[in-house]
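Open the structure in your viewer and keep the sequence panel beside it. This tour tells you what to select at each stop.

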Amino acid sequence: MSVKKLVKSEHPIFNQPANPVEHFDDQLKQTLMDIEDSLYALEGSALSANQIGINQQVAIVDMEMEGLLQLINPKIKNQSEETITDLEGSVSLPNVFGEVERNKMIVVESNDVNGNTVELTAYDDVARMILHTIDQLNGIFFTEKAKRILSEEEMEAYFEYE
């Protein structure tokens, strides 16, 4: 276990989808532990392997009271037509925030650490974090989907009222 440094947002690892996990072994367990340690050190809500320089479809989402969600080779299987626009940011893009429209409900299929297929239905903020993370694993930053990027003054006002 160790805290890994974030790779810069310009790194070529973000220019393409991360590679699918094919081997469910001790190396995968180590990657998950490194992502978890790094997530806590960064005080983030989610972290993907490519953010710490590992080219694999692996991520962890902190669902707070529900615990940590490990995503391995995640795919969206279904999503609601209803959407919500809300603020997003990323530890890979410090001090950048944008308004992004996301589906209110999703069904995601993923693998567990042993390679078994699992399915999860998520709503609201958890659905948003999963969608954001899957985009990141596919080489898409939230800024590419943002309806608009907030100015520094707008951000100060937003956080002042939160």
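The stops below run from the whole chain to single residues.

**Before you click**

This is a predicted model, in which local features need pLDDT of at least 70, side-chain atom pairs count only at pLDDT 80 or more, and totals for chains, interfaces and linings use all residues. Residues are numbered from 1 along each chain as its sequence is written, and side-chain values use heavy atoms, with hydrogens and water left out.

**Stop 1: the whole chain**

Show the protein chain as a cartoon. How many helices and strands are there in the protein chain? There are three helices and eight strands. Both are DSSP runs, numbered from the N terminus: helices are H or I with at least four residues, strands are E with at least two. Follow the chain along the sequence and you read α-β-β-β-β-β-β-β-α-β-α.

Now turn the model. The C-alpha atoms fill a box of roughly 45 × 35 × 30 Å along the principal axes. The radius of gyration of the protein chain is 15 Å, which agrees with the value near 15 Å for a compact globule of 162 residues. That radius is taken over C-alpha atoms, and the globule rule is 2.2 Å times the number of residues to the power 0.38.

Next, think about cover. Of the 162 residues, 42% count as buried. Buried means under 20% relative accessible area, exposed means over 50%, and partly exposed lies in between (1.4 Å probe, protein chains only). Contacts come next; a contact means heavy atoms within 4.5 Å. Among contacts between residues at least 6 apart in sequence, 66% join residues at least 24 apart.

**Stop 2: helix α2**

Select residues 124-137. This is helix α2, with 14 residues. Its span from first C-alpha to last is 20 Å, close to the 20 Å expected at 1.5 Å a residue. The expected span is 1.5 Å times one less than the number of residues.

Is α2 mostly covered or mostly uncovered? It is mostly covered, with twelve of its 14 residues buried. Val 126, Met 129, Ile 130 and Leu 137 are among the buried ones. Step past the helix to Gly 139, whose phi is positive, near 80°.

**Stop 3: Asn 50**

Go to the loop between β1 (46-48) and β2 (58-62), where Asn 50 lies. Asn 50 is buried, with a relative accessible area of 0%. What does Asn 50 touch, not counting residues up to four places away in sequence? Show Val 7, Ile 13, Phe 14, Gln 136 and Leu 137.

**Stop 4: Glu 109**

Select strand β6 (residues 105-111) and find Glu 109. Glu 109 counts as partly exposed, at 24% relative accessibility. Leaving out residues up to four places away in sequence, Glu 109 touches Asn 73, Pro 74, Lys 75, Lys 77, Thr 117, Val 118 and Glu 119. Then draw a distance to Leu 131: the two C-alpha atoms are 12 Å apart, across 22 residues of chain.

**Stop 5**

Most residues other than glycine have a negative phi. Start with Asn 73 in strand β3 (residues 68-79). Asn 73 has a positive phi of about 55°. Asn 73 counts as buried, at 10% relative accessibility.

Finish at Asn 95 in strand β5 (residues 93-103). Asn 95 has a positive phi of about 65°. Is Asn 95 buried or exposed? Asn 95 is exposed, with a relative accessible area of 71%.
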